[in-house]
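Please look through the sequence and the 3D structure shown here before reading on.

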Amino acid sequence: MLYAILCYAHEETVFAWSKEEEEAVMGKLMEVQEPLMKAGKLGPVGRLMPTTAATTVRKGKEEPLVLDGPFAETKEVLLGFYTMEADTLDEVVAFSKKLSEVNPGSSSYEIRPFYVFHPNELGKRETST
Amino acid sequence: MTDIAWIELALTAARPQAVGALLRYFRDLDTAEEAFQEACLRAIRTWPEKGPPRDPAAWLIFVGRNSGVDAIRKRARNEPLPEEEAFSDLSDAEGDMADRLDSSHYRDDILRLMFICCHPDLPNTQQIALALRIVSGLTVPQIARAFLVGESAMEQRITRAKARVAKAGIPFETPGAAERVERLGVVSSMIYLVFNEGYSAGIVNPDSAAFCDEAIRLARLLLRIFPGDPELMGLLALMLLQHSRAAARFDAAGQIVLLEDQDRTRWDRKLINEALALLDKAIRHRQPGPYQVQAAITALHARAPSAQETDWQEIVLLYDLLERIQPSPVVSLNKAVAVSKLKGPDAGLELLEPLAERLQSYFYFHGVKGGLLMQAGRNREARDAFDRAIALANSPAECAHIRQQIDKLSVAEPL
């Protein structure tokens with residue numbers, strides 16, 4: 001089974017960390033991840049950029065709507081995620097619109113650029129079986 | 001990170017929203033600040049024990065409002081304060097507190113708090129000092145160190161600025177859409193002033209260099225509450241891009257390193273990527289403004305793998321656009337530099353001609369002119385321009401940088 005662990009925190013505080021604080025916290029987090037990494041059981045890890053860099057594609061009456069900012073409703077819950085590489089935001093918006101169009105019911109796609117802490121190829125076993 | 005360090009960050013983060021709400025409530029800046037201070041003291045006492053609240057700002061507004069009301073009552077009737085016990089359990093009632101505090105006011109509260117610091121009668125430095133004191137909550141000694149003045153002088157300056165603001169009358173009515181846009185523009189300029197105060201100080205004065213981080217924090221805060229404003233995205237992107245070069249702008253001896261000579265591996269890629277993401281968002285709005293265009297220019301530098309690979313053609317086009325939407329001799333000066341990169345020093349010098357009168361007391365004008373004359377091999381004239389620049393330098397680092405240029409001249413052709 002593959003698991004996603006989602007981190008929720010106060011971004012005002014996290015993005016106000018000084019370089020020293022940031023390094024200290026990241027160091028401790030790395031220590032925690034290391035055994036899992038060595039065992040090949042840790043997938044890509046990243047940190048989302050601040051919500052000010054977010055865009056949301058939401059189901060509209062006709063075409064999906066593109067809104068600035070993070071997803072803000074409380075009725076829906078996080079159900080899945082995609083990661084992709086793109087040169088422009090337009091590409092990501094176009095892809096999200098397509099997803100939105102074929103997804104029945106109300107669905108929103110929050111687009112958040114992120115920094116990769118370490119990439120890897122976890123999931124091969126899952127998809128091949 | 002210790003509990004106290006976390007609490008301090010949380011208090012700073014919540015400050016604009018909390019003081020803004022308390023100001024709306026009490027309609028008096030001093031009362032609002034005192035009430036917030038009291039709430040912070042209580043937070044430091046109770047949070048380590050009871051754990052931090054989920055919404056620190058709502059907690060602080062609630063507790064601050066109660067303590068402010070008590071203070072007013074006490075002043076009015078000279079009655080003793082109620083026992084601590086009587087309201088200490090308030091901190092447990094925070095569950096529905098956020099609902100009871102009208103959250104729709106938040107963004108206008110924050111905007112108002114920033115806006116009152118931008119009173120047009122206040123000179124730039126006082127606007128910066130006031131914003132850092134009121135919005136960011138920096139202490140007077142911190143601000144005094146950054147501006148290289150004594151504490152009592154800074155205290156006086158801030159008190160005077162506050163009196164000016166109070167006399168002008170704080171606009172409490174909810175702003176209309178057009179007014180809101182106007183306030184956003186004014187506040188954006190103030191934030192950029194704060195940034196530039198830090199940016200120009202560079203590494204010479206670390207106390208004011210911290211203003212860059214502060215300005216970025218304030219812009220992020222503003223963009224979170226006005227998420228669809230492309231100029232705010234542009235402003236934040238611009239500051240992130242300029243700040244991304246912080247580690248490369250000065251050498252080990254504290255001397256200025258020009259953009260073209262900077263070690264680009266020392267640019268902060270994280271900040272650059274965030275800025276590029278913001279710029280991408282802004283461009284989708286198709287409403288170009290001065291901050292967006294300046295950010296786009298800076299982004300072209302950030303995208304170039306080396307100085308030689310800079311897309312000067314595109315930069316000149318963007319300066320043309322900037323000259324149209326925000327004409328200023330400084331913009332034209334920057335354009336002249338870009339043109340000289342594309343077409344050589346003579347083309348740049350030609351564009352400097354008409355600016356000479358208006359920029360005659362501007363350090364960069366003479367620095368740029370000297371540089372272009374040197375490139376064109378007109379060393380004697382270059383020397384004159386550099387001498388003029390030295391006379392106008394704003395810092396020892398600027399002075400030293402021009403001396404280096406003069407040294408190059410002397411090597412080329414002993415004077």
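The model is a predicted one. Read from the N terminus, the elements of chain A follow the order α-α-β-β-β-α-β-β-α. Along the principal axes, a box of roughly 50 × 45 × 30 Å holds the C-alpha atoms of chain A.

Next comes the contact between chain A and chain B. The size of an interface is often expressed as the accessible area lost when the parts come together. Between chain B and chain A, the buried area is about 2,200 Å², and carbon and sulfur atoms give 60% of that area. Chain B contributes 26 residues to the contact, and chain A contributes 30 residues.

Charged side chains also take part in this contact. Side chains of opposite charge can pair when their charged atoms come close. Over all chains, the structure has 22 salt bridges, and 3 salt bridges are counted between chain B and chain A. In one salt bridge, the side chain of B:Arg284 meets that of A:Asp90, with 2.5 Å from N to O. This pair joins two chains, because B:Arg284 is in the loop between helix H13 (269–283) and helix H14 (290–303) of chain B, while A:Asp90 is in helix H3 (residues 89–102) of chain A. Another salt bridge links B:Arg224 with A:Glu11, and here the closest N and O atoms are 3.6 Å apart.

The remaining paragraphs stay within chain B. Two packed helices are described by the angle between their axes and the distance between the axes. How do the axes of helix H11 (residues 206–225) and helix H12 (residues 230–243) of chain B cross, and within what distance do they come? They cross at roughly 155° and come within 10 Å. H11(B) is therefore roughly antiparallel to H12(B). The crossing of H11(B) past H12(B) is left-handed. On the H11(B) side, the residues in contact include B:Cys212, B:Ile216, B:Ala219 and B:Leu223, and on the H12(B) side they include B:Leu232, B:Met233, B:Leu236 and B:Met239. Sorted by class, the contact of H11(B) with H12(B) has 11 nonpolar, 1 polar and 2 charged residues.

H12(B) also packs with helix H10 (residues 177–201) of chain B, at an angle of about 5° and with the axes 11 Å apart. H10(B) and H12(B) are therefore roughly parallel to each other. Among the contact residues are B:Leu184, B:Ile191 and B:Phe195 of H10(B), together with B:Leu235, B:Leu238 and B:Gln242 of H12(B). The contact of H10(B) with H12(B) consists of 9 nonpolar, 3 polar and no charged residues.

Another pair in chain B is helix H16 (residues 329–343) and helix H17 (residues 345–352), whose axes come within 6 Å and cross at roughly 160°. H16(B) and H17(B) are therefore roughly antiparallel to each other. H16(B) passes H17(B) in a crossing that is right-handed. Among the residues making the contact are B:Leu333, B:Ala336 and B:Val339 of H16(B) and B:Pro345, B:Gly348 and B:Leu351 of H17(B). By class, the contact of H16(B) with H17(B) has 7 nonpolar, 2 polar and 2 charged residues.

Terms used: Residues numbered from 1 in each chain as written. Chains lettered and ligands numbered in written order. Predicted model: local features only at pLDDT ≥ 70, side-chain atom pairs only at ≥ 80, totals over all residues. Heavy atoms only, no water. Axes fitted to C-alpha atoms, helices over the stretch in contact; angles between N-to-C directions. Helix = DSSP H or I, 4+ residues; strand = E, 2+ residues; numbered from the N terminus. Parallel < 35°, antiparallel > 145°, perpendicular 65-115°, else oblique. Left-handed = near helix turned anticlockwise from the far one by under 90°. Contact = heavy atoms within 4.5 Å. Nonpolar A, V, L, I, M, F, W, Y, C, P; charged D, E, K, R; others polar. Buried area = accessible area lost by both parts, 1.4 Å probe. Salt bridge = Lys/Arg side-chain N within 4 Å of Asp/Glu carboxyl O.
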